[in-house]
Amino acid sequence: MKGLLIKDIRLMKVQRSFFILIYAVGVGLALFTEDSTYAVGFPTFVISLFTVSTISYDEFDNGNAFLFSLPITRKGYVAEKYCLGILLGGSAWLLSSAVVLIAGTARGMGSAGDICLAAASVLPLMLLLLAVMLPVQLKFGAEKGRVAILIALACIILIGSAGIKTAEMLHIDIVALLDTMPVPGLGAVLAAALLTALLLLAVSAGISTAVMKRKQF
Amino acid sequence: MLEINGLKKRYGDFTLDCTMSVEAGRITGLVGQNGAGKSTIFKSVLGLIGTDGGSIRVFEKEAEDLTVSDRRKIGVVLADSGFSGYLTVRDIIPVLANLYADFDRAYFEKQVQRFELPLRKKIKEFSTGMKAKLKVLTAASVNAKLLLLDEPTVGLDVIARDELLEILRDFMEKDENRAILISSHISGDLESLCDDLYMIHAGQIVLHEDTDVLLSDYGLLKVDEKQYAGLDRRYLMRVRKEPYGYSCLTNQKRYYMENYPGIAVETGSIDETIAMMVRGQEA
């Protein structure tokens with residue numbers, strides 16, 4: 001796995017100016033926006049998705065045929081992509097959370113606890129994003145993958161909207177419910193969300209392995 | 001080292017049906033036209049494609065049972081695939097060092113310098129010759145027991161081809177238990193390198209012979225109608241009608257030279273032998 005990780009990190013060198021730009025935007029958001037979740041989420045999501053671009057680089061010019069003739073397994077390849085996603089997303093999340101915490105505290109945007117909770121809410125979403133994007137990219141490739149992602153996003157939005165509508169019909173105000181929830185309660189919700197996201201990520205890795213095992217090069 | 005028995009793979013109208021083996025200490029060539037099935041054999045051995053029957057054994061194990069550690073003993077060149085074009089030679093050195101426990105970094109770097117391959121240039125910007133050299137160098141640097149080389153010389157000029165063949169001879173000299181399976185659609189590349197040759201056409205192995213025997217005992221007899229009528233046909237493998245009479249492929253060239261001094265006997269090239277095996281009729 002280490003060899004594959006080195007390969008992907010070297011491949012990402014190609015996009016280093018884009019990396020710097022994303023971090024610059026992230027710092028800008030931390031300094032000028034009031035929304036801590038967005039300031040942490042933007043760089044975290046975009047940088048974790050660099051994993052998806054490494055899959056495209058692997059596929060470039062029929063590169064997968066040679067890649068899978070190297071001493072690696074298809075399961076190992078999938079595991080490496082998930083590790084890379086977590087490493088990239090996790091480090092971007094840590095860095096942007098630190099910047100937002102420092103900037104937010106300096107600007108008096110709220111307590112450190114509130115900012116930390118806002119930052120923590122990004123983590124399960126990042127894992128969820130990887131859980132959806134990686135199998136789709138591995139199954140459909142760069143071109144068809146985009147269409148598949150759009151369809152998946154549309155489905156998520158539809159399901160979300162349906163959930164909100166249902167809550168409205170039942171006279172439940174979700175935002176108010178979260179606002180009134182004590183911080184320890186929110187922490188428990190986030191921990192549950194994180195566990196669920198990790199579980200979904202594990203299921204997603206299983207699907208990705210099955211997809212890769214069926215692929216022919 | 002490698003045994004393929006009744007390997008079958010179907011693509012629409014094309015059917016590969018192949019039985020062959022590669023012995024330790026030998027360089028085995030696979031010659032055939034584009035589309036004959038050479039790459040399909042390589043991809044099947046490497047598990048890159050599924051097969052429709054038969055068995056493939058590598059290092060006395062079923063190919064699907066090979067572990068990562070076994071696969072470290074196989075060096076590979078594929079005709080249509082290599083390291084990502086976005087990487088540089090400098091990038092691939094640590095990748096190889098981490099994937100192959102026995103990667104010979106010093107040898108690789110020395111050869112990269114010898115062949116003047118740029119370290120910091122993206123591989124996609126390399127010339128065809130540079131890409132081919134890098135692929136062969138990579139395969140030869142991992143201290144493999146078996147090299148599987150699919151069209152490693154494609155698109156190369158004569159000098160670059162000779163340089164690559166020299167790398168392969170060096171590879172074999174270092175350890176007598178190593179083996180190479182190399183394919184090409186240019187038989188001349190393999191004539192001087194291989195110990196034995198398999199000829200493949202339309203998915204079928206049409207001939208297997210030691211290269212020495214092929215070059216010394218095989219020949220083409222050029223005969224007119226009258227000469228053909230009086231010819232002993234026991235040692236004729238294929239016959240083809242020609243405007244002047246018949247062209248006959250034999251694997252007993254000397255027999256005809258000694259017993260039929262009046263007929264023209266040519267030392268056929270490997271290409272001519274393939275052409276006869278494919279287009280000629282059984283005598």
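A:Met169 is exposed, with a relative accessible area of 67%, where exposed denotes over 50%, buried under 20% and partly exposed the range in between (1.4 Å probe, protein chains only). The structure is a predicted model, in which local features need pLDDT of at least 70 and side-chain atom pairs count only at pLDDT 80 or more, whereas totals for chains, interfaces and linings use all residues. Residues are numbered from 1 along each chain as its sequence is written, chains are lettered from A and ligands numbered from 1 in the order in which they are written, and side-chain values use heavy atoms, with hydrogens and water left out.

A:Met169 lies in helix H8 of chain A, helices being DSSP runs (H or I, at least four residues) numbered from the N terminus. Together with A:Ile164, A:Leu170, A:Ile172, A:Ile174 and A:Leu177, A:Met169 forms a nonpolar surface patch with about 620 Å² of accessible area. Two or more residues of this patch come from each of helix H8 (122-169) and helix H9 (174-180) of chain A. Patch members have over 30% relative accessible area and no salt bridge, with nonpolar side chains (Val, Leu, Ile, Met, Phe, Trp, Tyr) joined within 5 Å and like charges within 9 Å; a salt bridge is a side-chain nitrogen of Lys or Arg within 4 Å of a carboxyl oxygen of Asp or Glu, and accessible areas come from the Shrake-Rupley method with a 1.4 Å probe, only the protein chains shown counting as cover for residues.

In chain B, B:Arg178 lies over the face of B:Phe171, at 4.1 Å from the ring centre, and B:Lys73 over that of B:Phe59, at 5.8 Å, the criterion being NZ of Lys or CZ of Arg within 6 Å of the ring centre and within 35 degrees of the ring normal.
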